[in-house]
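Open your viewer and get ready for a short walk.

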Amino acid sequence: MRYLLAILFLGVMGCGQIAERKQPPPSLYQLSQQDLNLTGEQLANGYCASCHLKPEPKILDRATWEKVLPDMRKRMGLYLEEDFGSSVPEDEGVPDGIYSKIPFISKEKWEKLQAYYLQNAPEKPLPQSEKLEPRKGIPGFELIIPNFDFVRPSLTTMLRVHPETGNLWLGHRFRSLYELDSKHEFKGLQSIPTDVAPVEIFWKNETEFDLLTMGLMDPANDSLGVFANFSKVKEWEGTPQITHLMRPVHVERGDWNGDGKDDFVVCEFGNHLGKLSLHLSNGGGFEEVILKKDPGARRTIGLDYDKDGDLDILALMTQAKEGIILFENIGEGNFKERQLLGFHPAFGSSDFRFLDINCDGSEEIILVNGDNADQSQILKYYHGVRIFERNQSGEFEEKWFYPMHGASGLEVGDFDQDGKMDLIAIAFFPDRRQKPNQNLIYFQQTSSMKLVPHVIKEQMEDHWLTLTKGDVDLDGDEDIIVGSFAFNQLYQAPKENWRPFVLLKNTLK
């Protein structure tokens, strides 16, 4: 999903975050005009910090740096003899402006910068830090694997539990949305044709819902995503509300303009292109307010962050310019941007929540990072689950970290109803050599900020892509549903019966 250091050196084209810094770093053009005798580290500090947090050499091993550095160089417009005969970005469908047509770094400077990374990178990827080994068996939950007696690709893109019926609504990569009866062994109730890969749903009543579909799920610069309203008379029919979305992956609803009608924030993850946009209700349609013109928007949360009575936005941005961004609502469709957290380009942010997990009266940022589908597909010691608390100055600091290779999805809730929040995280890119398997870890909070890790007793090798919580049996506690995305069934017919998800049934009640 991500390209390591994508848009790494586009400072010359303008970065909104730079303008907010007291001492902004020089642009690529300014750097290219300097004739200073800088060291490789100084060059890295200047060039890499022109748009985002500089990556340190230790985050990747030497062999991986040798793989990704040439792409960084080409983005700065520097091509060498070794590039002759290889395809240029335009031949691969990369839009203009991503790779500079003008060199912003000389060969001599590049060789210094490259040497800095290669000479200071570890020979092998650094190992995870010491951690509490997970216990086998998840307390208070029973694993249930539904039995479907037919063959179908297990390519789940969305799971949601209807709050009133408890039925499971499942999005499938191959143009389908299913409603499954949670009270009768998840028997299929209806199948609704959709665009490829449904990713979010909002129910309005029994015969109406809104649905977000990605369009193309694989990395692409196309704008085929659609946010549509579905209604049913005899058959379900979808009416597009917002179209031409660039690979959207999440939508949040709320009333940001105070007119009593739903507005929507859409994360257009995109590929080389993308954006984060707020679509405000305007008569019978929507008015778009672009909050950020960068790819990699992953998830948003609507909330009154500053307690002034209107709705603000917290956003998780990934790709090169990773971080948690606050968009403070200042009225009339205008927002003030402030970065709460920033991460280096290979960090791999995937999901987050904003909740009071330690019961101190103030919300914390809970985040998982482990996206590993870019040019640096190695095990990374900094992947895992994190909790950030506010300090006395109001800034967020990391207070808890649990290493977890490839962490990609997150749910938070008081699953055992003891008054303390628990966590569950999945990993789409786990270390398959670890035993027990750590592609799903449940963290039970036994006391304030003491989170004890547990894994499923039955060891499962599934590729978990989706995760949700809800009361499927309507017994008053929250269950957990985990969706599978089987790589080997993408481009060849499946041979096994359909197994799109497993249920962790809460046995509290």
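**A walk among the rings**

Start by selecting F148, F150, Y178, F186, W498 and F501, which together form one aromatic cluster. Keep in mind as you look around that this is a predicted model.

The charged end of R152 sits over the ring of W498, 4.5 Å from the ring's centre. For another arrangement of this kind, select R386 and F401: here the charged end of R386 sits over the F401 ring, 4.0 Å from its centre.

How many aromatic pairs does a search of the whole structure find? There are 29 of them. Select F354 and F396 to see a pair whose ring centres are 6.3 Å apart and whose planes meet at 65°, so it is edge-to-face. Now colour by secondary structure: F354 belongs to strand β19 (residues 349-355) and F396 to strand β22 (residues 396-403), so this pair ties together parts that are 42 residues apart in sequence. Are these two residues buried or exposed? Both F354 and F396 are buried.

Finally, zoom out to the whole protein, shown as a cartoon. Four helices and 29 strands make it up. Its radius of gyration is 23 Å, close to the 23 Å that the globule rule gives for 509 residues, so the protein is as compact as a globular protein of that length. Along its principal axes, the C-alpha trace spans about 70 × 55 × 55 Å.

How values were computed
Residues are numbered from 1 along each chain as its sequence is written. This is a predicted model: local features need pLDDT of at least 70, side-chain atom pairs count only at pLDDT 80 or more; totals for chains, interfaces and linings use all residues. Side-chain values use heavy atoms; hydrogens and water are left out. Rings of Phe, Tyr and Trp (its six-membered ring) pair if their centres lie within 6.5 Å; planes under 30 degrees apart count as stacked, over 60 as edge-to-face and the rest as tilted. Helices (H or I, at least four residues) and strands (E, at least two) are DSSP runs, numbered from the N terminus. Buried means under 20% relative accessible area, exposed over 50%, partly exposed in between (1.4 Å probe, protein chains only). A charge sits over a ring if NZ of Lys or CZ of Arg is within 6 Å of the ring centre and within 35 degrees of the ring normal. The radius of gyration is taken over C-alpha atoms; the globule rule is 2.2 Å times the number of residues to the power 0.38.
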